[in-house]
Structure formats: structure tokens, C-alpha cells
Amino acid sequence: MIAEPTVEPNLAPWNSDPEFRAGYVAVVGRPNVGKSSLVNLFVGRKVSIVSPRPQTTRRRILGVMNSEKSQAVFLDTPGIHRPKHRLGQYMLESAVSALTDADCVLAVVDASCLPGQEDRHIAELLENEAKCDVILVMNKMDRLKPEHVVRNTEAYVALFKPAEWMMTNALRGHNKEKLWKLIEPRLPLCPPLFPPDQITDQPEQTHAAELIREKALIHTYQEVPHSVAVMIEQWKEEREDLLHISATFIVERDAHKGILIGHGGQMIKQIGQEARLEMEEWLGKKVFLELWVKVKPKWRNHPALLNELEYR
């Protein structure tokens with residue numbers, strides 16, 4: 001499991017100072033470069049799930065960071081890739097639409113390797129769609145070999161032509177404050193956009209479904225991570241300190257169902273235990289979690305089901 005960053009609490013007073021800054025920061029990049037880890041780092045809580053699998057983030061996730069003089073609303077986006085189905089097209093549109101709302105764009109790349117075709121596609125997209133400054137975030141600096149620092153940096157800077165750039169390690173928080181100093185002055189003078197105690201716009205049920213899916217992504221393999229979705233079927237307060245959740249995994253093949261359930265039900269039991277423990281810590285109450293698995297062939301191309309799963 002990828003470790004969750006340790007960061008300061010997300011606290012700030014409601015501020016009416018005319019010098020206060022607030023705005024939207026779009027976080028874009030190809031799949032699996034650390035966009036969600038970076039957003040979680042700044043927000044101080046896990047608002048976006050993370051896993052070693054590409055395309056973990058499927059919808060635009062909003063995360064709010066407050067400081068004494070500003071409020072940044074980070075827009076975590078799905079990894080930009082060439083879509084192969086309706087779900088992929090929705091993910092691409094979600095990422096591109098974030099650029100229209102942004103006051104600043106963070107273009108996140110994997111610093112340990114040279115730019116690839118997807119990076120070139122994203123650079124072209126930003127050149128055409130971004131209406132604000134782009135900051136190049138060269139993440140995973142811990143994996144960058146010393147002899148490749150100049151080569152890789154020059155290649156990415158030449159490709160993206162950013163207003164600024166910064167090396168980072170989102171999991172360890174390296175250069176967080178330096179990167180923030182590049183972001184904050186690019187936010188417009190504006191009162192706070194969200195109350196100081198709000199860190200995301202996700203409903204609890206949506207976040208719970210994402211936490212369950214995260215555990216499945218971490219523990220499964222082959223095509224399962226790409227073809228699994230989670231639907232909350234029941235959300236019932238049994239009493240003040242107990243929440244009953246029933247959720248269903250949606251997969252495309254019977255073989256995927258077998259992998260998720262595991263031998264003697266061990267896989268789905270492990271997924272459920274890990275998801276339940278994290279939910280209990282997040283919600284501050286006991287959770288009774290039931291998990292089921294249904295096969296829906298080609299669900300990623302099914303408009304009605306995508307709408308029901310809120311991929312719209």
C-alpha cells in the first residue's frame with residue numbers, strides 16, 4: 001500500500017481580508033505520476049484515493065487547502081490518456097474541463113524518466129486549452145538518477161515551457177513549501193470560495209465507494225483494476241454510533257468476479273476489512289460493511305450504468 005502523507009491539519013479562519021487570495025488549481029498529467037498524492041499532501045487529508053495502478057482517479061476530485069492568507073481549491077483530475085471506451089472518454093473530458101476553471105495549472109510528470117508520447121499530448125493540450133500559468137511539477141524526484149537530472153529537466157522544460165518548475169516527492173512532502181510559494185501568488189484576490197471546515201465537495205457515499213475501490217485496486221491484478229467500479233446500495237444509520245453500508249462491485253467478466261472474491265472469499269474479506277477500518281477512522285463511528293459482486297459485461301461502454309455510477 002502506498003503510504004499516506006503526514007501533513008499539518010487543514011485549519012484557517014474565515015477571512016474577509018481584501019488582500020486574501022482564493023482560486024482553483026488544476027492538477028493534470030498522465031496516469032500514475034502522483035497527482036492524487038500531491039493533492040492529498042496539500043489538503044492534509046486523503047480526498048483522492050491512491051494506488052500503484054494507472055487511472056486510479058476516474059472523476060474530478062475537489063480538495064480545499066486553507067492558509068492564513070489564501071485558499072487553494074485543488075482539482076485532482078483523471079490521468080490524461082487516449083480513451084478506449086465511454087468511461088475513458090468521460091475521464092478525459094473531466095480532466096480537460098478542469099482547465100477552464102483553473103487560475104493555475106500544475107502539470108505533474110514523472111521526473112525519473114524522459115517525456116513520453118502521453119506527456120507530449122498533454123503539453124499540446126495545455127498549450128491550446130490553458131488560459132493561465134502552468135507550473136511544471138517534476139514528481140518522484142527520489143527515483144531520478146543524479147546523472148539524469150539535467151537531461152530530464154531540460155527535456156520537460158523544453159516540452160511544457162512552464163512559467164515555473166519544481167522537483168517534488170509528493171509521498172514524502174519534499175519541496176511542498178517551495179511549490180506553494182509558486183502557487184499562492186497566482187491565485188486571484190478573492191474571498192474564500194469554501195467554508196474553512198470544508199475540504200472536499202464529495203458526498204460521503206461517493207468517498208466511501210472510492211475507498212472500497214482503492215482497496216480492490218491495491219490487492220487485485222490483470223484487468224480487474226481497470227474494469228471494477230463500486231456502487232453503494234444501502235447507507236443506513238442503525239444508531240448514532242453504527243452505520244450499515246452495503247456496496248456492490250461491478251465487473252465485466254466472471255473471471256474478474258472470481259478474482260475479487262478470492263479463494264474461500266478471502267480476497268473480498270480482506271478488501272472489506274481494510275475499507276471498513278479506514279471508514280471508521282474517517283467517519284468516527286462503527287461501520288458494518290457488506291460487499292457483493294455483480295457481472296455487467298462491457299459496463300464501461302454502457303451510458304445508463306455510467307450515469308448511475310455518477311461518471312457523467
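These legends accompany several close-up views of a predicted model.

**View 1. Two domains share one chain.** Here you can find your bearings: the domain assignment places domain 1 at residues 21-186 and domain 2 at residues 204-309. Taken over C-alpha atoms, the centres of domain 1 and domain 2 lie 27 Å apart. Domain 1 brings 16 residues to the contact, and domain 2 brings 25.

**View 2. Domain 1 and domain 2 bury area against each other.** Between them, the two domains bury about 1,700 Å², and carbon and sulfur atoms account for 51% of that area.

**View 3. Polar contacts and salt bridges cross the interface of domain 1 and domain 2.** Three salt bridges are found across this interface, along with 11 residue pairs in polar contact, both partners being at pLDDT 80 or more. On the side of domain 1 that touches domain 2, the residues comprise six nonpolar, four polar and six charged.

**View 4. R59 meets E210 in a salt bridge.** The closest N and O atoms of R59 and E210 are 3.7 Å apart. This pair counts as a salt bridge because the cut-off is 4 Å. Side chains of opposite charge can pair when their charged atoms come close.

**View 5. R30 and D119 link distant parts of the chain.** A search of the whole structure gives 15 salt bridges. In the one between R30 and D119, the closest N and O atoms are 3.3 Å apart. R30 sits in the loop between strand 1 (21-28) and helix 1 (35-43), while D119 belongs to helix 3 (residues 117-129); the two partners are 89 residues apart.

**View 6. Strand 7 and strand 8 form a hairpin.** Follow strand 7 (residues 229-239) into strand 8 (residues 242-251): the two run antiparallel and are joined by nine bridges. Two residues lie between the strands of this hairpin. A handy landmark is W235, which stands opposite I245 in strand 8.

How values were computed: Residues are numbered from 1 along each chain as its sequence is written. This is a predicted model: local features need pLDDT of at least 70, side-chain atom pairs count only at pLDDT 80 or more; totals for chains, interfaces and linings use all residues. Side-chain values use heavy atoms; hydrogens and water are left out. Domain bounds come from an automatic or database domain assignment. Contact means heavy atoms within 4.5 Å. Buried area is the accessible area (1.4 Å probe) that two parts lose on being put together, summed over both. A salt bridge is a side-chain nitrogen of Lys or Arg within 4 Å of a carboxyl oxygen of Asp or Glu. A polar contact is a pair of N or O atoms within 3.5 Å; within protein, one must be able to donate a hydrogen and the other to accept it, and residues adjacent in sequence count only if both atoms are side-chain atoms. Ala, Val, Leu, Ile, Met, Phe, Trp, Tyr, Cys and Pro count as nonpolar, Asp, Glu, Lys and Arg as charged, and the others, Gly among them, as polar. Two strands pair if DSSP finds at least two bridges between them. Helices (H or I, at least four residues) and strands (E, at least two) are DSSP runs, numbered from the N terminus.
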